[in-house]
Amino acid sequence: MLSAIAVRRAAQAALESSQPSGSKHSSPLPTPSTPSPDPNPEPKRPNPHSKRKSSSVNGQSSRNSKKAKIRPGRVSATARYFESKNVVEGGEDVIMLESSSDSEPDVQANLVLDSSDDSEAEETQNPLVSIELPLYPQPSRSEPSQLSTFRPTRDLNVYELSADEANATGLQNETSVLSIDREETLALLGTYALTVLKGSISILGVTLSASKVAHHVFVPRSAPIPILRCASSDVHADLNIYSLPPRIRHNHGGAVVAIQSLDTGVEGLGRICRVFDGVFEPSRWQRSSAEVIRPGVSLVTHSTRDVLPFVLPESWSIALNAAETLPSSADPIPLSVYVVKGPKKSGKSTFARTLLNRLLARFQRVAYLECDVGQSEFTPGGPPFTHPSLPYRAHYVGATSPRCSPAHYLAAVQALLETYKLEVQTSMPDDESIDTRVTDITPLVINTMGWTKGLGADLNAKIEELAEPTHVFEIIGPEEKGWPTAPPAYDTLYSQSAPSKAFQYTLEAISPHLTNTHFNAVDQRNLNILSYFHSIFPSITSASFPSPSAPLRQMTATKWETSHPLCARYPYEVDWSQAFDQVILIGAGYEDVIPSEISNVLNGAIVGLVECEPGTEDPVYLDPSGARELPYAQARHPPAPSTSTCHGLALIRAYLA
């Protein structure tokens with residue numbers, strides 16, 4: 001709190017600094033008409049003890065204020081343009097500033113390090129760092145931009161097909177057909193099935209041509225909005241795959257797409273995690289301008305504070321086009337391994353996803369190795385909550401960062417790389433398939449973690465050494481809380497000095513004003529884990545894998561059941577003495593849990609279901625008295641990734657002995 005005494009001192013200091021050294025009006029010299037001060041003045045009585053906490057130390061007022069109160073009868077000390085006066089004796093108002101700290105330096109920029117991948121572990125001794133403001137200006141949020149130039153007009157560029165017309169065309173259910181001209185753009189919000197009927201379109205950096213495939217598109221406001229536009233492609237350009245009704249207009253060079261509503265129940269996750277309630281619907285700033293194309297699908301015309309477009313940087317486009325060039329090798333089979341690395345919040349995962357979609361246009365299958373356990377793409381732990389999947393092979397780390405168990409983390413990555421080389425990289429060609437894409441080669445995309453300092457940098461370097469990549473994409477961008485002193489130079493040239501002899505690509509980071517800051521990493525991670533437990537996966541049967549290469553297919557959730565929260569759903573009841581051989585804790589502080597507290601630790605815990613090869617793990621010797629207790633041994637090491645696999649996660653509702 002800035003008291004009146006501190007205000008008066010500040011006013012006097014400002015007045016003294018504005019006057020010459022020999023003429024200070026605050027203490028005038030005595031004159032003959034002015035009586036001299038008493039040389040032995042009567043000592044003043046000490047002021048009674050005040051219960052108010054002092055808000056200034058050594059004359060420095062607090063600047064870390066949290067509240068501002070106006071008290072009548074006083075005025076704030078401001079002596080910049082006018083002559084100062086005794087503000088205590090005046091009759092104006094004084095602003096009282098309450099603060100939680102006593103003092104703070106006048107010229108200092110404080111940066112609090114906050115990280116989702118525990119990169120702050122390198123600065124634990126000094127969490128509050130004093131820095132100087134950089135010379136490189138931080139870009140401000142741009143003005144609202146136009147996202148859709150497509151103007152929907154019924155029976156001119158938007159056509160409603162009934163169920164009978166859709167069946168005659170080769171589609172199912174009611175459909176909205178959109179005729180897009182060459183120069184038009186289209187931004188849709190919601191969940192829908194996209195089918196290209198004529199021509200080609202580009203979306204998220206990938207070109208889609210006319211085919212029988214219906215692409216499921218999930219567009220929430222928590223992620224950048226994809227922009228649909230016509231693309232020049234000769235693939236299936238002149239083939240009449242669909243027999244469209246004569247009333248549907250198709251301009252040369254344009255495209256015709258079909259939009260169908262999706263009934264997946266993913267919108268119900270907003271009722272489970274209230275932060276994301278209504279993310280598939282237009283915000284309050286766009287409800288008046290958004291137009292409904294299909295139930296649950298809206299057209300947005302302009303960007304707002306929470307609706308931002310997906311923009312593909314120029315260096316990304318160059319690198320994605322050059323990624324199709326394979327390095328020269330004596331091996332007749334072209335094998336490609338792509339490594340994507342960069343700091344957090346730079347667009348690393350977005351580029352890896354775009355690269356994956358780009359490669360799927362050339363290869364029938366593409367393998368994806370997720371090394372970022374805190375921002376996973378397909379499994380629980382990361383932002384993408386619309387496509388939780390059951391991976392081909394996985395290992396349980398037990399934390400959102402490898403800081404606590406780096407050796408186990410590297411062993412898990414190495415085991416997954418060996419699995420890829422032995423079981424996934426090559427396969428028998430499928431001669432019966434009509435797909436023109438490559439079927440006998442499966443490239444690999446590796447997404448590294450965003451922890452690029454200290455131990456994190458060493459782990460990423462070791463992963464790159466184990467992977468032996470053919471292409472390395474490094475995103476160079478600003479730090480999370482500050483900007484570099486000079487803009488970096490971006491290029492896509494091959495580096496001859498690289499020790500891995502791989503194609504090296506230097507990419508720019510996504511601009512900060514194109515990222516949505518309304519949802520932080522913790523919110524995204526919570527929604528993703530809830531999406532995993534509420535998702536419904538297709539049943540696995542022998543009919544699900546008709547061909548020899550089909551077992552490598554990815555099992556992705558198709559629906560979500562959100563009518564009841566997890567606490568209101570009936571759990572599975574199992575006998576732990578028959579279902580589990582061992583209980584092993586992993587993560588921070590796992591070695592401190594004693595056996596008598598293991599039941600309390602497991603209640604309400606999220607655990608990994610790990611299967612070990614027989615004979616690879618030593619049994620846990622229980623109490624010889626025959627007491628019924630969990631097979632748990634304190635500070636036991638996790639199973640070796642080379643002889644184990646994780647089948648998924650489970651939530652323990654309760655443990656009963």
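Entry 1: I am working with a predicted model, and I went to a sheet to begin. I traced five strands in an open sheet, ordered β18-β20-β17-β21-β22, with parallel pairing. As a reminder to myself, strands of a sheet pair through backbone hydrogen bonds, in parallel or antiparallel fashion.

Entry 2: I looked up how β17 and β21 are joined. Strand β17 covers residues 337–341 and strand β21 covers residues 471–476; the two run parallel and are linked by four bridges. Within this pairing I picked out Val 340, which stands opposite Phe 473 in β21.

**Entry 3: helices on the sheet.** Next I asked which strands helix α5 lies across. Helix α5 (residues 348–360) lies across β17, β18, β20 (444–447), β21 and β22, and it runs at about 160 degrees to β17. Helix α6 (residues 406–424) packs on the sheet as well, where it touches β18 and β20. I wrote down about 170 degrees between the direction of α6 and that of β18.

**Entry 4: α6 against α7.** I then turned to the neighbour of α6. Helix α7 spans residues 455–467, and it packs with α6 at an angle of about 20 degrees, the axes being 10 Å apart. The cut-off for roughly parallel is an angle under 35 degrees, so α6 is roughly parallel to α7. The crossing of α6 past α7 is right-handed. Which residues meet here? On the α6 side I listed Pro 406, Tyr 409, Leu 410, Val 413, Gln 414, Leu 417 and Lys 421. On the α7 side they meet Leu 455, Leu 459, Lys 462, Ile 463, Leu 466 and Ala 467. Sorted by class, the contact of α6 with α7 has 10 nonpolar residues, one polar and two charged.

**Entry 5: α4 against α5.** Helix α4 (residues 314–322) packs with α5 at about 40 degrees, and their axes are 11 Å apart. Are these two helices parallel or oblique to each other? I put α4 and α5 down as oblique. The crossing of α4 past α5 is right-handed. From α4 I noted Trp 316, Leu 320 and Asn 321, and from α5 Thr 350, Phe 351, Thr 354, Leu 355 and Arg 358. The contact of α4 with α5 divides into four nonpolar residues, three polar and one charged.

**Entry 6: Tyr 368.** Back at the sheet, I looked at a residue in strand β18, Tyr 368. Is Tyr 368 buried or exposed? Its relative accessibility is 17%, so Tyr 368 counts as buried. I also compared sequence and space: Tyr 368 and Ile 446 are 78 residues apart along the chain, yet their C-alpha atoms are 6.0 Å apart. Leaving out neighbours within four places in sequence, I listed the contacts of Tyr 368 as Ala 352, Leu 356, Glu 377, Phe 378, Leu 444, Val 445 and Asn 447.

**Entry 7: Thr 419.** I followed helix α6 to Thr 419. Thr 419 has a relative accessible area of 10%, so it is buried. Setting aside neighbours within four places in sequence, Thr 419 is in contact with Tyr 392, Arg 393 and Val 424. Between Thr 419 and Tyr 392, 27 residues apart along the chain, the C-alpha separation is 9.6 Å.

**Entry 8: positive phi.** Asp 155 has a phi near 65 degrees, a positive value. Asp 155 is in the loop between β6 (128–131) and β7 (158–161), and it is exposed, at 57% relative accessible area. Ala 635 also has a positive phi, of about 55 degrees. I placed Ala 635 in the loop between β26 (606–612) and β27 (644–651). Ala 635 is partly exposed, with a relative accessible area of 39%.

**Entry 9: the whole chain.** To finish, I looked up totals. The protein has 10 helices and 27 strands. Of its 657 residues, 38% count as buried. Of the contacts between residues at least 6 apart in sequence, 76% join residues at least 24 apart.

Notes. Residues numbered from 1 in each chain as written. Predicted model: local features only at pLDDT ≥ 70, side-chain atom pairs only at ≥ 80, totals over all residues. Heavy atoms only, no water. Pairing = 2+ DSSP bridges. Contact = heavy atoms within 4.5 Å. Axes fitted to C-alpha atoms, helices over the stretch in contact; angles between N-to-C directions. Parallel < 35°, antiparallel > 145°, perpendicular 65-115°, else oblique. Left-handed = near helix turned anticlockwise from the far one by under 90°. Nonpolar A, V, L, I, M, F, W, Y, C, P; charged D, E, K, R; others polar. Buried < 20%, exposed > 50% of the residue type's maximum accessible area, 1.4 Å probe, protein only.
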